[in-house]
Amino acid sequence: MSVEPKRSAGLAYVRRVLPTMAVYLGLLVLLPFAIHYPHLSGPPLWLLAIVPAVPLSAVFWFYGRYLVEEPDEYVRMLEVRKALMATGVVMGAASAWGFLEMFAQAPHVPLYAAPIAWFPCQGIAALIVAAAERRSNP
């Protein structure tokens with residue numbers, strides 16, 4: 001039996017995400033010029049301003065597809081654990097910071113920081129999940 005089918009979901013995820021993140025980063029570089037030099041305002045500005053949310057949202061969609069396409073139930077469970085840990089940390093931090101802004105005059109953090117913060121939190125969660133797996137399977 002080949003190992004390739006078990007890896008195909010992960011490889012498909014990477015193949016989807018890498019070009020999408022390249023587009024996202026490109027938009028972050030080009031968008032300020034596209035908005036400020038023609039001095040856009042109103043609905044054209046709003047439409048252009050939300051364009052970077054499209055590839056970022058696509059990455060989350062791709063992650064969901066990966067979870068559906070992953071044939072190994074154990075790997076899928078570990079991925080769900082990482083996602084839940086990252087989501088819990090980001091949602092808790094966003095809530096706490098919102099209250100700090102509201103009641104303690106903390107500096108404003110833009111909302112787009114929340115989904116971006118999810119990715120490093122998922123990386124940290126991966127380390128925690130891996131350590132827990134090593135402890136439970138010596």
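User: Before we start, what should I know about the numbering and the model?

Analyst: Residues are numbered from 1 along each chain as its sequence is written, and side-chain values use heavy atoms, with hydrogens and water left out. The model is predicted, so to speak of local features takes pLDDT of at least 70 and side-chain atom pairs count only at pLDDT 80 or more, while totals for chains, interfaces and linings use all residues.

User: How many salt bridges does a search of the whole structure find?

Analyst: General idea first: side chains of opposite charge can pair when their charged atoms come close. Here a salt bridge is a side-chain nitrogen of Lys or Arg within 4 Å of a carboxyl oxygen of Asp or Glu. The search finds 4 of them. One of them pairs Arg-16 with Glu-69, at 3.1 Å from N to O. That pair links distant parts of the chain, 53 residues apart: Arg-16 sits in helix α1 (residues 4–36) and Glu-69 in helix α3 (residues 53–69). Helices are DSSP runs (H or I, at least four residues), numbered from the N terminus.

User: Is Arg-16 buried or exposed?

Analyst: Buried means under 20% relative accessible area, exposed means over 50%, and partly exposed is in between, using a 1.4 Å probe and protein chains only. Arg-16 has 18%, so it counts as buried, whereas Glu-69 is partly exposed at 31%.

User: What about Arg-81?

Analyst: Its side chain meets that of Glu-133 in a salt bridge of 3.5 Å, N to O. This pair also links distant parts of the chain, with Arg-81 in helix α4 (residues 73–104) and Glu-133 in helix α5 (residues 113–136), 52 residues apart. Arg-81 is partly exposed at 39%, while Glu-133 is buried at 14%. As for shared partners, salt bridges join Arg-16, Arg-65 and Glu-69 into one network.

User: Where does His-39 lie, and what is its phi?

Analyst: Most residues other than glycine have a negative phi. His-39 has a positive one, near 55 degrees, and lies in the loop between α1 and α2 (42–49). It counts as exposed, at 65% relative accessibility.

User: And Gln-105: what is its phi?

Analyst: Gln-105 is not a glycine, yet its phi is positive, about 55 degrees. You'll find Gln-105 in the loop between α4 and α5, exposed at 64%.

Terms used. Helix = DSSP H or I, 4+ residues; strand = E, 2+ residues; numbered from the N terminus.
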